[in-house]
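Work through the exercises below with the sequence and the structure at hand. Try each task before reading its solution.

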Amino acid sequence: MDRETIYRIVRENNVKFIRLQFTDILGVMKSVSITSEQLDKALDGDLMFDGSSIEGFVRIEESDMYLKPDLNTFLVLPWKSPSSDGRTARLICNIYDSNEQPFIGSPRYALQKALAEASELGYSMMVGPEPEFFMFQLDESGQPTLKTNDKASYFDLPPVDMGEDARRDMVETLSSMGYEIEAAHHEVAPGQHEIDFKYQDAITTADSIVTFRIVVRTVAQKHGLHATFMPKPIFGINGSGMHLHISLFKDGENAFYDSTREDGLSDVCRHFIAGVIKHAKAICAITSPTVNSYKRLVPGYEAPVHIAWSYRNRSPLIRIPARRGIGTRIELRSPDPTCNPYLGMAVILKAGLEGIKNQLLPPGPVEQNIYEMELAERKQSHIDSLPENLYEAINELAKDKTIQEALGDHIYTLFSRAKIKEWENYSARVYDWEISEYLEKF
């Protein structure tokens, strides 16, 4: 994508507004809208904004920041404003400080740094996500409820799957935006859905995930539903994850594949797995970043709890899908769709690269169902567990210099501060369960 192509698309599609987008450190999409008359200034990177108002950015005395668009992210949004006949486009931006240097607190920059480190070794990172979400009914005032619009289960069809129309509309909308959708289906829990899109380079995938979340929620709203990426909105049923299928490429070839090995996995793949396993607890603070994330990471609901890897078994943290050749990859099963995808991919890559550089070796694969193993059996097999809550995860992050380095001091400090505050707010509340359990007993 170049400037002339963007100008042509703006003219041909009657684009009146352009949203300049970026995320804060928590992964929440932020946007500044400009008119098409300001497009030249935007493409020159001359537009400024107040960074002191954005979560995890800068202090008020350092507030002036520049938005520098990535031209490859230009996209005309598929919906029109009811108050205007013009279209709206978007550009995802890199953030620069007042000295016009890359802003160290930008999540996109954190991923770019990790990718540059991989590039020095000759590697590029490819990622394919599997984001899950729930759709709930709205009440009379338009507020979301916890009532699902169906009682369907995994791969069910209409009329049991009442969300198919909305899901199909989401797929068609995403396809019109250039997404290559590989699968879309009802998930295990009532009202739960999954839409998978094809793997791409890590930056493009992260950009796609943050846009995907907006599209899903916008389309659901048009169908009178509320879509949420909250990991565990309802007790007693499966939560929503975002499995990441990850591979490294070198010289156009999949570096995780070795045709001479019986299992088809290269030493590079094994070293990468070992690095991720070594840092899995600290990674969890970034890829499962909310209090609610750990209500999903419990036994019995297909979410990983234990730090292990397997060729077929779906109970460990890492699974190796059966496909080989260009499709050889690892599937990391702990992330959920509330994570900031830029930071998530940055810390995973950093951990994997450490494994490659130091030629770390993973423990042996575990093919039995870990959920059914006794504690003594797990200890004998050296199978550790992921953190049980956000507080434990942040403490693990505080001990892991490699993952801190991937984030950078600025992001690490402010992310940890925000998450400790989140944990303290959660811990101080009194919940319905406590009332029903203790009020009459004591």
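**Exercise 1. List the contacts of Thr73 outside its own stretch of sequence, then state where Thr73 sits and whether it is buried or exposed.**

Step 1. Setting aside neighbours within four places in sequence, Thr73 is in contact with Arg90, Leu91, Ile92, Arg108 and Asp207. Contact means heavy atoms within 4.5 Å.

Step 2. Thr73 belongs to the loop between S4 and strand S5 (75–76). Helices (H or I, at least four residues) and strands (E, at least two) are DSSP runs, numbered from the N terminus.

Step 3. The relative accessible area of Thr73 is 6%, so Thr73 is buried. Buried means under 20% relative accessible area, exposed over 50%, and partly exposed in between (1.4 Å probe, protein chains only).

Step 4. From Thr73 to Pro233 there are 160 residues in sequence and 32 Å in space, C-alpha to C-alpha.

A note on the model: it is predicted, so local features need pLDDT of at least 70 and side-chain atom pairs count only at pLDDT 80 or more, while totals for chains, interfaces and linings use all residues. Residues are numbered from 1 along each chain as its sequence is written, and side-chain values use heavy atoms, with hydrogens and water left out.

**Exercise 2. Explain why strand S4 (residues 64–69) is largely enclosed, and find its partner strand.**

Step 1. In S4, 5 of the 6 residues are buried, so the strand is largely enclosed by the rest of the structure.

Step 2. S4 pairs with S6 in the antiparallel sense, over 4 bridges. Two strands pair if DSSP finds at least two bridges between them.

Step 3. Within this pairing, Lys68 is opposite Asn94 of S6.

**Exercise 3. Describe the cavities of the structure.**

Step 1. The search of the whole structure gives 2 cavities of 30 Å³ or more. A cavity is a set of points, on a 1 Å grid over the protein atoms alone, where a 1.4 Å probe fits but cannot get out; lining residues have an atom within 4 Å of a point. Grid points are joined across faces, edges and corners, and a volume is the space filled by probe spheres set on the points.

Step 2. The largest cavity has a volume of about 50 Å³. Its lining consists of Arg19, Gln21, Leu77, Trp79, Arg90, Thr211, Ile214 and Val215. Helix H5 gives the most, with 3 residues.

Step 3. The second largest cavity has a volume of about 40 Å³. Its lining is made up of Phe22, Thr23, Cys93, Ile95, Ser106, Pro107 and Arg108. S1, strand S6 (87–96) and helix H3 (107–120) each give two or more residues to this lining.

**Exercise 4. Which residues of the largest nonpolar core touch the most other members?**

Step 1. This core has 90 residues, and those touching the most other members are Met125, Phe272, Ile318, Ile348 and Leu397. A nonpolar core is a set of buried Ala, Val, Leu, Ile, Met, Phe, Trp, Tyr and Cys residues joined through side-chain atoms within 4.5 Å.

Step 2. Beyond four places in sequence, the contacts of Phe272 include Ile246, Phe256, Ile330 and Leu353.

Step 3. Another core, of 23 residues, lies apart from it; Val76, Ala89, Ile95 and Phe103 are among its members.

**Exercise 5. Is Lys350 buried or exposed, and what does Lys350 touch?**

Step 1. Lys350 lies in helix H9 (residues 341–357).

Step 2. With a relative accessible area of 10%, Lys350 is buried.

Step 3. Not counting residues up to four places away in sequence, Lys350 touches Glu117, Thr402, Glu405 and Ala406.

Notes: On a 1 Å grid over the protein atoms alone, a cavity is a set of points where a 1.4 Å probe fits but cannot get out, and a pocket is an open set with protein on both sides within 12 Å along at least five of seven lines; lining residues have an atom within 4 Å of a point.
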